[in-house]
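Hi everyone, thanks for coming. I'd like to walk you through one model today, so please have it up on your screens.

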Amino acid sequence: MNYRNRRLRLTRNQRRIIIVAVPLVVLILLVVMIAAVARGCSSEAATAEQTAASVSTQAQEETKAESFQIQNVKVIKQDDLKAGCETYACTMLLNILGFNVTQYDIADNYLNCQYVFDDGENKYGPDMYSAFAGTAYGGWGVYAPSMAKSMNKYLADQKSKLKAYNQENIPLETLCDEYVSKGVPVMVWATTDMEEPYVYDTWIVNYVDENARTKMGDTFNWYMHEHCLVLIGYDSKNYYYADSTAGKVSVFDKALSQKRYEQMGCQSIVVK
């Protein structure tokens, strides 16, 4: 009898254990199931984010492929200032940004002009990164660093918060993506009608500043067809320029434009 009672008490203990253990097991299973569902949702969210990112990237690529052109650009024909393509480009860019300035204002008041002269034995002149060789009325030209300094003098006189920035080695496509597509024109150095440049004149350097690429006494080479334009648009095959020598918006092949741009040192100026 005592033995049977012990068996009965043992069975009841087991039942108590079962009564406690079963809900616990069920609870654990529920937690595991909820965690699995959460992981699934997280995975789906990550997949959705990846898909959204992919769609966004595709949309950006499609946007880049679209054509764009800054509108209402007044192209100034290069007449009186025979050597002033940089001056005309500067003026057109500033006009686009809303400044009421003429090419004569820039040429007469803001260019750092240094004459090129021949003493009978040698020709002397400035490093064009430092100053305009000659004048816009008759000379050789100027490169981006010196032109940016001239533009900043003008902007300072106008009490403008904008500044001209000399930029180098930025592909034309990147200039279009970062600036032109947002309505910001960019001055670039290339060649007239995108013709092949070649060394046409040389002189001994007698003027340099902090932007010079040569030293006093070095030889500076001037390239025939050197030209400055304002990049204002693009499409899938071409770039669009406010072109003073043509007196209109010129359209040139992208690959050819990039090549001439590179040959002239990948120089550009943006005002921002």
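Predicted model: local features only at pLDDT ≥ 70, side-chain atom pairs only at ≥ 80, totals over all residues.

Residues are numbered from 1 along each chain as its sequence is written, and side-chain values use heavy atoms, with hydrogens and water left out.

Now the overview. The protein chain has 272 residues, and 38% of them count as buried. I'll say "contact" when heavy atoms are within 4.5 Å. Take the contacts between residues at least 6 apart in sequence: 65% of them join residues at least 24 apart.

Let's go to strand 8, residues 186–191. How many of its residues are buried? The count is 6 of the 6, so strand 8 is largely enclosed by the rest of the structure. Both of its faces are covered: Val186, Val188 and Ala190 are buried on one side, and Met187, Trp189 and Thr191 are buried on the other.

What does strand 8 pair with? Here, two strands pair if DSSP finds at least two bridges between them. Strand 8 pairs with strand 11, residues 226–234, in the antiparallel sense over 6 bridges. Within that pair, Trp189 sits opposite Cys228. Strand 8 also pairs antiparallel with strand 14, residues 267–271, this time over 3 bridges, and there Met187 faces Ile269.

The largest one has 66 residues, and Met147, Met187 and Leu231 touch the most other members. Helix 2, residues 85–96, gives this core its largest share, 7 residues.

Have a look at Met147. Leaving aside neighbours within four places in sequence, Met147 is in contact with residues including Met187, Trp189 and Ile269. Its contacts also include Glu86, Thr87 and Cys90.

Glu86, Thr87, Cys90, Leu93 and Leu94 in helix 2 meet Met147, Met151, Tyr154 and Leu155 in helix 4. Helix 4 covers residues 144–157, and the two helices pack at an angle of about 40° with their axes 11 Å apart. The axes are lines fitted to C-alpha atoms, for helices over the stretch in contact, and the angles run from 0 to 180 degrees between N-to-C directions. Helix 2 and helix 4 are therefore oblique to each other; under 35 degrees would count as roughly parallel, over 145 as roughly antiparallel, 65 to 115 as roughly perpendicular, and the rest is oblique. The crossing of helix 2 and helix 4 is right-handed, which is the label if the near helix is turned clockwise from the far one by less than a right angle, with anticlockwise being left-handed.

Strand 5, residues 132–135, and strand 6 are antiparallel partners over 3 bridges, and Gly134 has Gly139 as its bridge partner. Also in strand 6 is Gly138, which is partly exposed at 46% relative accessible area. The C-alpha atoms of Gly138 and Leu81 are 7.0 Å apart, although 57 residues separate them along the chain.

The other sheet has 4 strands in the order 3-4-9-10, again with mixed pairing. Strand 9 (residues 198–207) and strand 10 pair antiparallel over 6 bridges, with Tyr198 opposite Met224 and Asp201 opposite Trp222. Strand 4, residues 123–126, runs parallel to strand 9, joined by 3 bridges.

That's my tour, so over to you for questions!

Notes: Core = buried A, V, L, I, M, F, W, Y, C linked by side-chain atoms within 4.5 Å. Buried < 20%, exposed > 50% of the residue type's maximum accessible area, 1.4 Å probe, protein only.
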